[in-house]
Every structure is written in structure tokens, then in C-alpha cells.
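Please look through the model shown here with its sequence beside it.

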Amino acid sequence: MITTDTETADIFGKNKSVLITNVIADNKPVDIFIDAAETISDIGPEIRKRHRGEAEFILDGDGALALPGLANTHTHAAMSLLRGYADDMILQDWLGQKIWPLEAHLTGEDVYWGTKLACLEMIRTGTTAFNDMYFFMEDAARAVDEAGIRALLCYGFIDLGIAEKREHECRATEALVAHIKAMNNPRIRAATGPHSPYTASPEGLKWCAEFARDQQIGIHIHLSETEKEVNDCVSQYGKRPAALLDECGVLTPRTIAAHGCWLDDAECALLAKRGVSVSHNPASNMKLATHRALPYPQLVRAGANVCLGTDGCASNNNLDMFEEVKIAALLQKFFWNDPTVLPAPAALLMATKNGAKALGFGTGVLAAGAPADIILISTHASCNTPLHNAASNLVYSCSGAAVETTICNGRILMLEREIPGESEVLTHAAHAAAGLVKRAQTPA
Ligand SMILES: [Zn+2]
């Protein structure tokens, strides 16, 4: 049990100075002190002696494992409303017959409640930062602001080669970036979001790359999820998708490319050379049967930063990064027929250090001066008994249900599995999802 010395009701909300005692980080027993700021001010063995007097709250970690908050580097948060709406279908039918017709009826209010639901689920399962692409992103930004976690938000730019549509997408992107900059919230940043090389034209891709460079912001794109899109790209442009993106200036150290299942060796080398972060989305890839796993060994050999994402809730169907870490480690071993591929410590780094690097939020390690994004995982749980090897248990045995406490930017968002306001979010999100389906089924 994690206990505090004061009323828990007071601990949520604004930053307080918090001393976390008796936790295990990197296999060492430590205490962690956050001095009411947004960063970890001290961490080490027995530092409680130094800080006990200063702390407004003392959390007895009771031997919990402390990790940096996890980073989900590819999702569509508000798709939480579509969870379980359509499964077990061919990708194009699933999109064309189920997902897109429903999304056509989305409102800003739906996206707000869908993103609130997603943030709730992320806090509950230990994720403190995510990379999001969707529509009505001003409403998503409001939800993230209230939820207390970090996000890199982009508008999904789709011009389909139509000049008029491209103008609209450019203006929508500019409006979102201006809106997020005006929010002036260090937890929320904007990116450009050219959806993919098959939905955004070369002109649109170039515009997104140039605008991102001018604004010094990131780029979030889908890349080579299916074999078909790679073949189509070769027939249409005479080159593979990564080469096309490179020509359009999209491959930069600020770029996160999701999926990457069908990358070849030359593309892996190109992405590494350009400093692109590649987000592996194994659960979604398996569910939609992309027929090939991300070439993780080739990317790592080439020196690329490989991180991890859940993709949206319609194709996963949750946002639990602990599950995703396990699925990544298993899929990589299975697909490449080698049980030594993606060992547990490396899998954990994909969700922490590599993810933080991709998102540009902190370092993804627990250290003095690092952002106070911390999760505590109970060791008094069956998934952590016995505890021969913490990395092994965290990757292969635990799910997000083992997370007891989540802190982001120095603020406690979940304590002993309690998240203030949870039932209100669940009620409103369920109501929004039901309304959305009803509107989609009502003839116009
Ligand atoms: Zn996606």
C-alpha cells in the first residue's frame, strides 16, 4: 500500500512538494523528492533524511517499482469512442464500411470526451505522454490540458491530391498550431500531421515539412503499414514511400513515422540517417493483419530510434502500454524467428527513453533535473511475485493494472488507483459514443 501522511483529497490538483520513499528504480532502493516544481529535484538512497522536513506529502512507496511515465508515440486518442464498434474485418472494409462513416459524424464535443476517456485510461495504465493525430484537435487540447498529461497534437492532414482540399488542410493545420502555441502550456505541443504518403499529395507533404521547419515543431505520419500502399507508391511515383517522403523534406529528427511494417533495408538506413523516430504498433498490426512485423532488428542495426505506440482504440483496443511492450517483444521474436530479438530491458526502453526522445518531452529516465513524470508499480501483486528480475516482470508479467500511482509534471494524477473525476468522464464518454453511433445510423 502507498500511504500519505495527510488527507488524499488535498494531494490532487496543483503541484505540491512530495517525498516518495522506499521505491526501487533501476534495481536500486531509492527515495525521490519533488519540490513542488515540475522536475525531480533529488533522487537516491535514503534522501528522505534530507527532505522529510520540506515535504508537504510523503508517499510511502512500500517497495514499489518506480519508472519514468511511459510514452505512447502513435495514437488517435478520441478513437476510444470507437472501441469495439467494429472488429475482425479486412482493413479496407473496416475503414470504408465502419470507421470512416462513423467518423463523418464526429463533433468537437465527441473528440473532447473521447480524448478525456483516453487520457483517463493512459493515466490508469502509466502513460504520461502521447503523440496524437485526429480531428477537432482544439477540443483534444482542452481535454489534455484538464487531464494533466503531456501530448504532441496534430491535425490529420488529408488532401487526396485535390488543390482545394489542400488549402483547407493547410489552414486547419495553421489554426491548430496557433491555438496550441497560444495555450502556452508546456505539457502540450503541436506537430504537423500529413496523414500518409497515400492520402497526402507530394505538394501537401512538402507544405507540412516546410511549415514544421518554420514553426520548429514535429511531424507525425503513417508510413508503410500495408504492402498495398508500398506497391501503389512505387507504381504512382516510381519510388518507395520513405524515398518519396525524403524528397518532400518530411524525414527529420523531429519526425515520428508510425507502423513501418513494410520498410526495406535501404529505407531503414535512410530513416536512421535522417534521425527519424519509428513508432512500432504491434497490436494494431497483428489485429489488422499487416502480414509483416516492423523490421526492428534492421532499424536498430542502422541506428534508428525505435519507440512504441498503441495506435487508436478501434484497432488495439486499449491504450495499455504495458500490454504493448509485451506484444512488441513477443511479435519481434516470433516474426524474426529468434527469441533473442528485443529483450525485456530494450523493450522497456522503447516505451520510456526512446519514446521521450521521439516526443521531445524530457529524457525518459528518473534522475535529478528530469521531468517529474513518475509511475509506481506495486510489488505486492501476483505479477511481481517473485521478483527475480524487475525488467522481466514489467515486460512479460505485468499489465497496466499493476500501476498504482501516476505523476506527471510534478502533479499527482492517480494515487493508489484513485483518479478524481473518473466516473464523470466514463459517463460522458459512454453517452458521446452512443450518440455518435445513433447519428450515424439515422438516415439524413
Ligand atoms: Zn494510426
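The largest cavity is lined by 17 residues, and of these Gly69, Ala356, Phe361, Gly364 and Asp373 lie nearest its centre. A cavity here is a set of points, on a 1 Å grid over the protein atoms alone, where a 1.4 Å probe fits but cannot get out, and lining residues have an atom within 4 Å of a point. Its volume is about 140 Å³, where a volume is the space filled by probe spheres set on the points, and grid points are joined across faces, edges and corners. A search of the whole structure finds 1 cavity of 30 Å³ or more. Strands S5 and S6 each supply at least two residues of the lining.

This is a predicted model, in which local features need pLDDT of at least 70 and side-chain atom pairs count only at pLDDT 80 or more, while totals for chains, interfaces and linings use all residues. Residues are numbered from 1 along each chain as its sequence is written, and side-chain values use heavy atoms, with hydrogens and water left out.

Strands S5 and S6 also belong to an open sheet of 8 strands, arranged in the order S5-S6-S7-S8-S9-S10-S11-S12 with parallel pairing. Helices (H or I, at least four residues) and strands (E, at least two) are DSSP runs, numbered from the N terminus, and two strands pair if DSSP finds at least two bridges between them. Strand S5 (70–75) and strand S12 (305–308) stand at the edges, and because each has a single partner strand, one side of each is left without a neighbour in the sheet. Direction ignored, neighbouring strands of this sheet are turned by 25 degrees against each other on average; axes are lines fitted to C-alpha atoms, for helices over the stretch in contact, and angles run from 0 to 180 degrees between N-to-C directions. Within the sheet, strand S6 (residues 127–134) and strand S7 (residues 150–157) run parallel and are joined by 6 bridges, and Tyr134 stands opposite Tyr155 in S7. Helix H5 (residues 163–183) packs on the sheet, where it touches S7 and strand S8 (188–194), and its direction makes about 165 degrees with that of S7.

Helix H4 (residues 137–147) has Met137, Asp139, Ala140, Ala141, Ala143, Val144 and Ala147 buried, where buried means under 20% relative accessible area, exposed over 50%, and partly exposed in between (1.4 Å probe, protein chains only). The elements that cover these buried residues include H3, S6, S7, H5, S8 and strand S15 (411–414). Just after H4, Gly148 takes a positive phi of about 95 degrees.

A second open sheet contains strand S15 too: 7 strands follow the order S3-S2-S1-S4-S13-S14-S15, with mixed pairing. Strand S3 (42–44) and S15 stand at its edges, each with a single partner strand, so one side of each is left without a neighbour in the sheet. Strand S2 (residues 28–35) and S3 pair in the antiparallel sense over 3 bridges, and Phe33 stands opposite Asp42 in S3.

In soluble globular proteins, nonpolar side chains tend to be buried together. The largest nonpolar core in this model has 110 residues, and those with the most contacts inside it are Leu299 and Ile377; a nonpolar core is a set of buried Ala, Val, Leu, Ile, Met, Phe, Trp, Tyr and Cys residues joined through side-chain atoms within 4.5 Å. Helix H3 (residues 108–124) gives the largest share of this core, 9 residues. With neighbours within four places in sequence left aside, Leu299 is in contact (heavy atoms within 4.5 Å) with Leu263, Cys268, Leu271, Val278, Leu294, Ala304 and Val306. Apart from this core lies another, of 21 residues, among them Phe12, Val23, Ile32 and Ala372.

The loops hold some backbone details. Most residues other than glycine have a negative phi, and most peptide bonds are trans. Leu342, in the loop between H12 and helix H13 (344–351), has a positive phi of about 50 degrees although it is not a glycine, and it counts as buried because its relative accessibility is 2%.

Note on methods: 1 Å grid on protein atoms, 1.4 Å probe; cavity = no way out; pocket = protein on both sides within 12 Å on 5 of 7 lines; lining within 4 Å.
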